[in-house]
Amino acid sequence: MRINTVLKADALKKLKNFEDNSFDHCITDPPYNLSNYDNKKQIGWYKSNKTWADDKSFKKLDETWDNFTDSEYMDFTVEWLTQVFRLVKPNGNILVFGTYHNIYDLGFLFKKFDKKIINSIIWYKRNAFPNITQRMFCESTEQIIWATNNSRKKASNWVFNYKDMKELTENKKQMRNMWDIPMTKKSEKSFGKHPTQKPIEVGDRLVLGCTNKDDLILDPFSGSGTFLVSAKRNSRKYVGIESEEEYVELSRKRLKATKVV
């Protein structure tokens, strides 16, 4: 298996080619099923308002890779999680992003497969995109489920670099599970943009806190490559899988420009 690489492939197909227990950890930001779900209505303001649809190129609602019915999305999630559980070593960390669209499905499945959930992490986006519909609170958070790849009864000795996390806080005290980190900086998009690109600071905290140097990290939905960049920056190994050629090239450019800190 090649390491420190981004593979252009369908994750569900590619994951099946790896041997059991090939990876130390998995950090990933899977599709949330924002683009389609059962009984979704066409949003009137988006259909009629050229400011958002054309001038601002607001296309987060129309990504083909994020388009499932509810039942398709659940089947898809079960399939990729099953492969991740097979590929990550026992007691390896699995960290998965989500919002209210999918986080409850993910939590249900971790429980169903009897995986021990260690924490939930809340990423607070102080400069989050406004809620244009004005029909609900402005969604300003994403959640991360942190689980270890073992049963609740057998789980033990998972990686958590507690002291390293304390050093990252302003007062050198325990790091809390609510992270106030702005959305991705413009400087991190110099090679191109991805609609759900995560900040390097978020990736660095997950990599530094939940993996060790030289560990091999899997990201089956690597997108713009943020978690791969964080892995490289912090002397970890990585394998990313991405289906879209545009984002594969974006990731490779970012990784080529990345230096170990």
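Helices (H or I, at least four residues) and strands (E, at least two) are DSSP runs, numbered from the N terminus. The chain has nine helices and eight strands.

## The model

This is a predicted model, where local features need pLDDT of at least 70, side-chain atom pairs count only at pLDDT 80 or more, and totals for chains, interfaces and linings use all residues. Residues are numbered from 1 along each chain as its sequence is written, and side-chain values use heavy atoms, with hydrogens and water left out.

The chain has 261 residues, and 47% of them are buried. Buried means under 20% relative accessible area, exposed means over 50%, and partly exposed lies in between (1.4 Å probe, protein chains only). Contact means heavy atoms within 4.5 Å. Take the contacts between residues at least 6 apart in sequence: 76% of them join residues at least 24 apart.

## Aromatic pairs

A pair of aromatic rings is described by the distance of the centres and the angle of the planes. Rings of Phe, Tyr and Trp (its six-membered ring) pair if their centres lie within 6.5 Å. Planes under 30 degrees apart count as stacked, over 60 as edge-to-face and the rest as tilted. The structure holds nine aromatic pairs. One of them joins Tyr73 and Phe76: the ring centres are 6.2 Å apart and the planes stand at 40°, so this pair is tilted.

Where do Tyr73 and Phe76 sit? They lie in helix H4 (residues 70-87), three residues apart, so about one helical turn separates them. Tyr73 is buried, at 3% relative accessible area. Phe76 is buried too, at 12%. Phe160 and Tyr162 make an edge-to-face pair, with 6.3 Å from centre to centre and 65° between the planes. Phe160 is partly exposed at 39% relative accessibility. Tyr162 is partly exposed at 34%.

## A cluster, and charges over rings

Which residues form one aromatic cluster? They are Tyr73, Phe76, Trp80 and Phe221.

Some rings have a charge above them. A charge sits over a ring if NZ of Lys or CZ of Arg is within 6 Å of the ring centre and within 35 degrees of the ring normal. Lys115 lies over the face of Phe85, 4.9 Å from the ring centre. Arg205 has its charged end over the ring of Trp179, at 5.2 Å from the centre.

## Helices H7 and H8

Two packed helices are described by the angle between their axes and the distance between the axes. Axes are lines fitted to C-alpha atoms, for helices over the stretch in contact, and angles run from 0 to 180 degrees between N-to-C directions. The axes of H7 (residues 200-210) and H8 (residues 226-233) come within 8 Å and cross at roughly 55°. That makes H7 oblique to H8. Angles under 35 degrees count as roughly parallel, over 145 as roughly antiparallel, 65 to 115 as roughly perpendicular and the rest as oblique.

The crossing of H7 and H8 is right-handed. A crossing is left-handed if the near helix is turned anticlockwise from the far one by less than a right angle, and right-handed if clockwise. On the H7 side, Ile200, Gly203, Asp204 and Val207 take part, and they meet Thr226, Phe227, Val229, Ser230, Ala231 and Arg233 in H8.

## In and around H8

H8 is mostly covered, with six of its eight residues buried. Those six are Thr226, Phe227, Leu228, Val229, Ser230 and Ala231. Thr226 has a relative accessible area of 3%. Beyond its neighbours within four places in sequence, Thr226 contacts Gln197, Lys198, Pro199, Ile200 and Arg254.

Gly223 is in the loop between strand E7 (216-219) and H8. Is Gly223 buried or exposed? Gly223 is buried, at 6% relative accessible area. Not counting residues up to four places away in sequence, Gly223 touches His194, Glu242, Tyr247 and Ser251. Gly223 and Glu244 are 21 residues apart in sequence, and their C-alpha atoms are 8.0 Å apart.

## Positive phi values

Most residues other than glycine have a negative phi, and most peptide bonds are trans. Asn21 has a positive phi of about 55°, although it is not a glycine. Asn21 lies in the loop between helix H1 (11-14) and strand E2 (25-28), and is partly exposed at 39% relative accessibility.

Asp214 has a positive phi near 70°. Asp214 is in the loop between H7 and E7 and is exposed, at 52% relative accessibility. Ser235, which follows H8, has a positive phi near 65°.
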